[in-house]
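This report describes a ligand-bound chain for a reader who works with coordinates. Please look at the sequence and the structure first, and then read on.

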Amino acid sequence: MTHCIVVGGGVAGLAAALRLSSDERYRVTLFESAPALGGRVRSFVDRDSGTESDNGQHVLMGACTAALDYLGEIGTASSLARLRGMSLPFVHIDGRRSLLQAGALPHPLSLVVAFLRYDMLSFRARMRILRAAIRLRRLSGSGLDALDDLTAEAWLRNLGQGSAEMLAFWQPLVLATMNSTPSQASARLFAALLREIFLGARDAADMLLPDAALSGIFIEPAVSELQRRGVIVRSGTTVTALACPEEGSGRRVTAVIAGDERLATDAVILAMPPWALRRLRLIDASGKQTDRPLPDVLLPGIDLAAFIPSEILSVHVWLRRSAGTSPMTGLLGTTLQWVFFKGKTAEGQYHYSCTVSGAEGHETTHRDALRRLVLRELALLAPGLVDGDIIRILPIREKRATFVPAPGIERMRPQARTGVRGLYLAGDWTATGLPATIEGAVRSANSAVEAVGNHK
Ligand SMILES: Cc1cc2nc3c(=O)[nH]c(=O)nc-3n(C[C@H](O)[C@H](O)[C@H](O)COP(=O)(O)OP(=O)(O)OC[C@H]3O[C@@H](n4cnc5c(N)ncnc54)[C@H](O)[C@@H]3O)c2cc1C
């Protein structure tokens with residue numbers, strides 16, 4: 001039996017371990033350095049309110065087929081509420097409201113109708129968006145490659161998009177899907193994503209919202225299933241070093257140091273972000289951990305410093321009165337970009353989760369300033385909202401929510417297979433063709449497990 005060690009208990013590591021454990025050729029051990037599994041997908045019990053809250057709102061799309069298969073395997077695919085055919089209310093800072101809603105017509109005509117009805121923009125602006133969509137449809141594989149060094153903003157301007165549609169349509173879309181502004185994000189990645197969402201299968205543009213805490217949907221059932229299959233899952237245990245001695249024509253992984261233990265292994269999947277990978281060290285011939293950063297020696301072609309983290313600020317807000325019950329509302333021209341209604345608590349409080357993607361540089365660190373901002377911007381949804389209506393605000397800053405999907409980054413994202421026998425990479429930052437997402441994390445796990453099977 002081949003012993004495989006998975007390093008990292010985020011979605012990528014859990015998905016890799018699940019896939020390996022469904023094959024009787026493998027014995028699997030998973031290590032996670034944090035006390036709890038889940039990585040960037042986690043929930044916690046908020047001490048003051050006693051409610052289970054997420055580290056940040058996560059949204060999946062119908063196009064996320066690998067992620068849905070993962071949830072199917074752990075039995076929680078039905079825990080995502082599906083907003084069919086896009087149905088999104090938007091509120092502008094000046095008070096205007098509009099609904100982006102696909103009609104009952106066949107796909108993709110239903111989406112065309114949705115844009116034509118989106119009266120947040122002038123008719124001419126909507127026509128410019130539709131013309132850009134037609135150009136996107138005609139884009140070939142080489143056309144996508146040619147976008148590699150362009151920003152999404154430059155590409156959209158080349159497609160004739162003006163300031164109004166940038167503000168009220170493209171910018172929210174780029175921020176929500178890429179966690180970066182149009183002036184930072186890669187045009188290639190954005191175009192590839194748009195094609196998957198809008199030009200894919202009929203339900204690809206459906207939005208899927210978790211209807212319970214993230215850990216209960218994505219993490220805990222996966223851990224239970226792994227344990228049921230005999231996988232050893234060790235949280236609170238950091239893998240610090242790998243032994244990869246020269247063997248014949250190259251190096252091969254033979255052991256890892258996890259906590260204070262040394263474990264022999266045949267294969268290792270490193271399912272960790274680039275910034276964590278930099279901390280790994282090599283074990284020398286005498287079995288001692290060296291100071292040599294593992295990536296410098298074993299992953300020489302990968303420029304880990306190119307993966308710059310990007311922040312998401314999530315603000316949980318509990319109100320005495322309702323600010324609407326739409327599952328998801330877009331705000332335009334504001335600091336808060338999306339407001340998700342999380343439900344009414346047993347005590348009758350209205351719980352909202354507000355998100356700010358690409359949050360670097362937003363001056364929202366001071367609690368009082370944040371409270372004023374939340375009050376001002378939620379009042380767009382609940383006119384007359386006063387400070388006394390706010391029961392509690394809980395901000396969560398994820399400084400390393402994703403990497404910035406900058407132009408040129410696609411050329412730097414590594415494949416699962418490395419130059420070392422038995423060593424594989426997974427995680428949302430590897431070559432998935434997607435921005436940092438749950439779908440990318442699961443796809444990366446599938447590629448890594450496939451590479452384990454093919455690599456002798
Ligand atoms: C606030 C927020 C909102 C988001 N919104 C969305 C969304 O709407 N839709 C979407 O698809 N995606 C979203 N994402 C992104 C998504 O969460 C990530 O892309 C995905 O979870 C990454 O999974 P991963 O397994 O690749 O990495 P991670 O989740 O980072 O997992 C890596 C794990 O490795 C562990 N680790 C690191 N080093 C070691 C070591 N030496 N030994 C052992 N363990 C180690 C870490 O502790 C971590 O648990 C969001 C992220 C955040 C933070």
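Which backbone oxygen does the side chain of Thr-334 reach, and at what distance? The side chain of Thr-334 reaches the backbone oxygen of Leu-336, and the distance is 2.6 Å.

The model is a predicted one, in which local features need pLDDT of at least 70 and side-chain atom pairs count only at pLDDT 80 or more, while totals for chains, interfaces and linings use all residues. Residues are numbered from 1 along each chain as its sequence is written, and side-chain values use heavy atoms, with hydrogens and water left out.

## Domains and the ligand

The chain is divided into domain 1 (2–42 + 215–306 + 407–454), domain 2 (50–80 + 308–403) and domain 3 (104–203), with bounds that come from an automatic or database domain assignment. Between domain 1 and domain 3 the C-alpha centres lie 35 Å apart, and nine residues of domain 1 are in contact with 14 residues of domain 3, where contact means heavy atoms within 4.5 Å.

The ligand lies between domain 1 and domain 2, because both of these domains give residues to the shell around the ligand. That shell holds 34 residues, the closest being Glu-32, Arg-40, His-58, Val-59 and Asp-428; a residue is near a molecule if one of its heavy atoms lies within 4 Å of it. By class, the shell has 16 nonpolar, 14 polar and four charged residues. In this scheme Ala, Val, Leu, Ile, Met, Phe, Trp, Tyr, Cys and Pro count as nonpolar, Asp, Glu, Lys and Arg as charged, and the others, Gly among them, as polar. Helix H1 (11–21), strand E23 (390–403) and helix H13 (438–454) each supply at least two residues of the shell; helices (H or I, at least four residues) and strands (E, at least two) are DSSP runs, numbered from the N terminus.

| Backbone atom | Ligand atom | Distance |
|---|---|---|
| polar backbone atom of Ala-12 | oxygen | 2.9 Å |
| backbone N or O of Gly-39 | oxygen | 3.5 Å |
| backbone N or O of Gln-57 | nitrogen | 3.4 Å |

Of the 1000 Å² of accessible area that the ligand has on its own, the protein covers 91%; accessible areas come from the Shrake-Rupley method with a 1.4 Å probe, and for residues only the protein chains shown count as cover.

Helix H1 is largely enclosed by the rest of the structure, because ten of its eleven residues are buried, where buried means under 20% relative accessible area, exposed over 50%, and partly exposed in between (1.4 Å probe, protein chains only). Among the buried residues of H1 are Val-11, Ala-12, Gly-13 and Leu-14. The buried residues of H1 pack against several elements, including strand E1 (2–7), strand E2 (26–31), helix H9 (214–228) and H13.

Glu-225 lies in helix H9 and, at 14% relative accessibility, counts as buried. The side chains of Glu-225 and Arg-228 are joined by a polar contact of 2.7 Å, and, leaving aside neighbours within four places in sequence, Glu-225 is in contact with Leu-18 and Ile-74.

## Individual residues

Lys-342 lies in strand E21 and is partly exposed, with a relative accessible area of 29%. Its side chain is joined to that of Gln-57 by a polar contact of 2.8 Å. Not counting residues up to four places away in sequence, Lys-342 touches Asp-54, Gln-57, His-351, Tyr-352 and Ser-353.

Thr-334 itself lies in the loop between strand E20 (328–332) and strand E21 (338–344), and Thr-334 is buried, with a relative accessible area of 16%. Leaving aside neighbours within four places in sequence, Thr-334 is in contact with Ile-93, Glu-377 and Leu-380.

Asn-179, in the loop between helix H7 (163–178) and helix H8 (187–198), has a positive phi of about 55° although it is not a glycine. At 3% relative accessibility, Asn-179 counts as buried.

Definitions and conventions. Polar contact = N/O pair within 3.5 Å; in protein donor to acceptor, adjacent residues only side chain to side chain.
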